[in-house]
Number of protein chains: 2
Amino acid sequence: MENFEVIEGNITSPKGFLASGVFAGIKKAKKDFALIYSEKKANAAALFTTNKVKAAPVLLDMEKIKNGEAQAIVANSGNANACTGQKGYEDACSMAFMAAEKLNIDKDDVLVCSTGVIGVTLPMDKIAKGIELAVQNLSRDGGKEAAEAILTTDTFTKEIAVKFNIKGVEVKIGGIAKGSGMISPNMATMLSFITTDADISKSALNKALKDTVKRSYNMISVDGDMSTNDTVIMLANGVAGNPTIDEGTKEYQVFYNALLYVNKHLAKQIAKDGEGATKFMEVNVVNAPTEDDAILASKSVVNSNLVKTAIFGEDANWGRIIAAVGYSGANFSQDSVDIYLKSNKGLIKVCENGGYVPFSEDKAKEILSEKEISIVVDFNAGKYEALAWGCDFSYDYVKINGSYRT
Amino acid sequence: MENFEVIEGNITSPKGFLASGVFAGIKKAKKDFALIYSEKKANAAALFTTNKVKAAPVLLDMEKIKNGEAQAIVANSGNANACTGQKGYEDACSMAFMAAEKLNIDKDDVLVCSTGVIGVTLPMDKIAKGIELAVQNLSRDGGKEAAEAILTTDTFTKEIAVKFNIKGVEVKIGGIAKGSGMISPNMATMLSFITTDADISKSALNKALKDTVKRSYNMISVDGDMSTNDTVIMLANGVAGNPTIDEGTKEYQVFYNALLYVNKHLAKQIAKDGEGATKFMEVNVVNAPTEDDAILASKSVVNSNLVKTAIFGEDANWGRIIAAVGYSGANFSQDSVDIYLKSNKGLIKVCENGGYVPFSEDKAKEILSEKEISIVVDFNAGKYEALAWGCDFSYDYVKINGSYRT
């Protein structure tokens, strides 16, 4: 039973948020500049890539987010502003400064994101044009356009909104994200922007974001490569007017559940839209001794090239699944592991007590012929579980990435 | 300056070793059963997969190797005898027992290896036939046939032999290996068998094998998946009659250098024959603060799907290289990293001080058009280096692994 309802919408569904997405000429033809703006200064939390090589906007935002406040996010696609040295950092600062001027707010309240090719400095004239156009186009319906403007090799926009009640007051959470490539299961979101009109304390917002990211974006993998630009930012402007949500309360739990749903939805959308993906893959490790063991094992399976190619080939090669569990670092006993394959076409056990169990190859093939495949690994050793999401590995993945820059 | 000479040959080049490779019907048509036999009981050392899911022969050999002695190795391809439970373990014991009977040696001196599909029990009638045929066919020229018999999706045999002097006595080291898929950079050899007629103490043999494996098999990656069956076994029968080699001596260093060359050669052959590989890739991290930092960084780059697809596409996408260094866990400063691409067509710098440096895309394309590509990452921060080897990621990798079982 969920205490929230999914509604049509995105980051501009919560009250007090405006957004826009425009074409500034950084990409060849598609929208490439997004702006998210809160009418009121918001509490803000963010998580960033753990890659040692961090893009300039990540380095800048890590400073800006320290006071737990922000009012706007400017983001461009088509250029990551990564490995661009001092010039890149200054460009990121300029982006924030120019946007602050146009919005008439403090530059320290503007967060900056970039995504695209690494190692090329930003075309600042186009960035300036993007900011100008984006501010002009800010609107209460602009969330969808912002979602479009942050895409790179993505094939569809990722958006969601939910509503729920906090002590009788309706509040909303909305989100947009982009993913597609360089998606690894350690702070793996690429860009994700979440807004809420809920009034929530800075510490509660931080904790909710951190704990939900662990169980959403950090559980997806497209290719095992960790980006230099991964960023999740959440703004909470309090415009809904509910009593402030604090940690350890029933209201916090309601907020947490709704936020987890939003982040899981966006994470799964990113996995579904993985480069070259033809199938969506969910790995569910159940009855593990600890949640961390379940997380390690499920991420290892979802990240295995051999599992991914087997799913692409619709081959019930469970030996690769148990091998990936084996090198995951998870604590488990091989002799008690059962493995199941599941889809809309049914469920089949393919491994029992860590070994061979007779099963119908025809039935397995039928199950694997679906677009959404679930792999269930039962440790039979505890009460914890984890879910990880990814996609198969296709010829198109190789094609897309063999010629990304050229 | 090397103190050894590469000669034509393999595991039967050292004195006192016989081998054979025969067809027992485990695979459809090709040779599938190998036997290596030392006329004299040998000192033995071995390293095994660190996967928690270990095949039956690995579990058995881990026991057998404890006394540091062995006289024969029996190995089949076409079936990994992994995830086969108690029955699988008993089958591995039977393999050793049957071979010992036919060879008239102690069963505890027979090591057992299997490679192939996971999760299917061994066809013991065919194994028995393989042992019978293999013993009948043992010969001083049988090394090449043994090398053939251990192959699975490999496209060529991996063999080498070297000779050198220990206090005026000529000694030899020979080796064969198989690889191709499920090759990950943590005890990544698949099967490798090394023989020597040198007289060397058990402890020196152990140390030499362990230290050379770290710098050879453990530095290759085809797909990042770690097998359940990876095994390196080395037998030293002392038939050459040299004074016993001990640790810490000049002779040990000569032996170590020759063994390192043998293991590096076989490891590189495995990387060159990676499933679907069209290009061989060497990653050399230089001027690192420690060897471990250089190892972490070079393995991360060689293992990156995005680097591998870029090399396949002949695209000088250095951003992916520095990103892979960034998430490797290596200690380095981004601002001092330089990156070069190298091949028979020349050398080009593509990244300076962690950022963009102007370079000719045409020259880069020309360099990357070669079959053997070297990526050099200079940390400019110390005196240590590491070499890692792998291959590109092609359409054929997906094809081979989309339909491996079926």
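The model is predicted, and its local features need pLDDT of at least 70 while side-chain atom pairs count only at pLDDT 80 or more, although totals for chains, interfaces and linings use all residues. Residues are numbered from 1 along each chain as its sequence is written, chains are lettered from A and ligands numbered from 1 in the order in which they are written, and side-chain values use heavy atoms, with hydrogens and water left out.

We begin where the chains meet. Chain B gives 49 residues to the contact and chain A gives 49 residues, where contact means heavy atoms within 4.5 Å. Between them the two chains bury about 4,300 Å², 55% of it on carbon and sulfur atoms; buried area is the accessible area (1.4 Å probe) that two parts lose on being put together, summed over both. Zero salt bridges are counted between chain B and chain A, a salt bridge being a side-chain nitrogen of Lys or Arg within 4 Å of a carboxyl oxygen of Asp or Glu. On the side of chain B that touches chain A, at least two residues each come from helix 8 (305-312), helix 9 (318-326), strand 14 (355-356) and helix 11 (395-402), where helices (H or I, at least four residues) and strands (E, at least two) are DSSP runs, numbered from the N terminus.

Helix 9 of chain B is itself mostly covered, since nine of its nine residues are buried, among them Trp318(B), Arg320(B) and Val325(B). Here buried means under 20% relative accessible area, exposed over 50%, and partly exposed in between (1.4 Å probe, protein chains only).

Elsewhere in chain B, Ala388(B) is found in strand 16 (residues 384-391) and counts as buried because its relative accessibility is 0%. Leaving aside neighbours within four places in sequence, Ala388(B) is in contact with residues including Met219(B), Met281(B) and Val302(B).

In chain A, Lys178(A) belongs to strand 7 (residues 169-178) and is buried, with a relative accessible area of 2%. The side chains of Lys178(A) and Thr115(A) are joined by a polar contact of 3.3 Å.

Glu69(A) forms one with Lys41(A), the closest N and O atoms being 3.5 Å apart; because Glu69(A) lies in strand 4 (residues 69-79) and Lys41(A) in strand 3 (residues 33-48) of chain A, the pair ties together parts that are 28 residues apart in sequence. Glu69(A) is partly exposed at 22% relative accessible area, and Lys41(A) is partly exposed at 40%. Lys41(A) also forms a salt bridge with Asp109(A), whose closest N and O atoms are 3.3 Å apart. Asp109(A) lies in the loop between helix 2 (85-103) and strand 5 (110-117) of chain A, so this pair ties together parts that are 68 residues apart in sequence. Asp109(A), in turn, is buried, with a relative accessible area of 3%.

How values were computed. A polar contact is a pair of N or O atoms within 3.5 Å; within protein, one must be able to donate a hydrogen and the other to accept it, and residues adjacent in sequence count only if both atoms are side-chain atoms.
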